[in-house]
Amino acid sequence: MRIRAIAAAVSGALARTAQLLLVLALFAAAGGTLTGCGAVAEVRARQVADARAREVADAWDGSEAARVWRKGYHPIGEAVDLPENAFHDISDKHAYEAQNFALRGQLPAAPRKNGRVKWESGGSLTLPLMEARQAYEAVAGGGNDGPHLTVTGVKLGEMTLSTSRGPATVPAWLFTLDGYDTPLKLAAVRPSKSLKPPVNPEGSGDSLQLVGTARDGRSVTVLAGHGSCDDGPAVDVLETSGSVVLSASVVGTKEGPCTADLLLEEVTVKLNRPLGDRLLLDAFTGRPVLYERS
């Protein structure tokens with residue numbers, strides 16, 4: 001699941017980087033060169049970025065889309081909980097990363113059609129349960145002849161994970177692994193469906209990928225892309241009472257020919273106060289920043 005999510009992030013980040021470099025190139029063409037007019041171009045680019053972030057924040061704050069989003073189930077943490085002391089050795093780790101599993105026995109049917117997500121802060125939501133077969137295939141997409149992990153039993157249980165509404169207890173499929181005392185857990189309900197944002201995207205790039213949120217909620221880490229002719233990605237933040245808007249860019253753009261390489265980096269953004277139930281938004285797309293695309 002994590003591998004597929006990163007692949008999607010790579011595709012989106014490539015489009016984002018290309019458009020950012022194009023914007024910088026247009027500034028350079030208008031002002032002569034980035035070397036001669038770099039300061040003016042950077043100020044103008046900052047003004048444009050700030051205006052876009054404010055546009056996104058204003059569109060979402062108090063909107064019907066924000067109300068619907070806050071009532072849904074949107075994980076901002078890993079939907080897989082590994083066994084304690086995972087992994088015993090490098091072979092087991094490689095097997096997990098390659099999604100190389102072997103099933104011993106039968107997968108059970110779900111005991112009911114729906115499961116309930118319960119938030120620590122109060123409130124709950126009923127969602128359709130994922131079949132055990134779907135859950136198993138989500139983590140066991142490999143199939144090569146290398147090292148593998150053996151699933152010896154499966155049952156329905158619960159797990160706790162972080163969501164846009166705070167910690168929640170969700171139904172989970174518990175996979176017993178040969179050689180491990182505790183199970184591998186996978187959330188058995190899918191995130192709520194995405195909704196149409198109240199603001200149009202600025203380009204065709206995909207959303208930033210959320211890597212994680214600090215335990216105290218005072219910082220978020222995202223996966224951002226940049227090219228081979230710059231000094232790396234930067235992510236600015238605009239905080240309002242209802243949202244946190246992230247604006248990604250590249251810094252230190254250099255003149256001359258560039259290769260088409262895409263480099264991905266984790267960027268941690270500090271917040272003035274905990275994220276709480278505020279929406280985490282991407283200024284580029286105008287959409288919420290998701291931990292994992294469904």
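The lining of the largest cavity in this predicted model comprises 11 nonpolar, 3 polar and 1 charged residues. This cavity has a volume of about 110 Å³. Of the 15 residues that line the largest cavity, W69, I76, S164, L280 and V289 are the closest to its centre. In total, the structure contains 3 cavities of 30 Å³ or more.

The backbone also deserves attention. Most residues other than glycine have a negative phi, and most peptide bonds are trans. Against that background, the loop between β1 and α4 may be examined, where N85 is found. N85 is not a glycine, yet its phi is positive, at about 60 degrees. Is N85 buried or exposed? Residues count as exposed when their relative accessible area is over 50%. The relative accessibility of N85 is 68%, and therefore N85 counts as exposed.

A cis peptide bond is found between A86 and F87, with an omega of about 10 degrees. F87 lies in the loop that runs between β1, residues 80–81, and α4, residues 90–97.

The loop between α4 and β2, the latter spanning residues 101–103, is the place of Q99. As for accessibility, a residue is called buried when its relative accessible area is under 20%. Q99 has a relative accessible area of 12%, so Q99 is buried.

Definitions and conventions: Residues numbered from 1 in each chain as written. Predicted model: local features only at pLDDT ≥ 70, side-chain atom pairs only at ≥ 80, totals over all residues. Heavy atoms only, no water. Helix = DSSP H or I, 4+ residues; strand = E, 2+ residues; numbered from the N terminus. Buried < 20%, exposed > 50% of the residue type's maximum accessible area, 1.4 Å probe, protein only. 1 Å grid on protein atoms, 1.4 Å probe; cavity = no way out; pocket = protein on both sides within 12 Å on 5 of 7 lines; lining within 4 Å. Points joined across faces, edges and corners; volume = space filled by probe spheres on them. Nonpolar A, V, L, I, M, F, W, Y, C, P; charged D, E, K, R; others polar.
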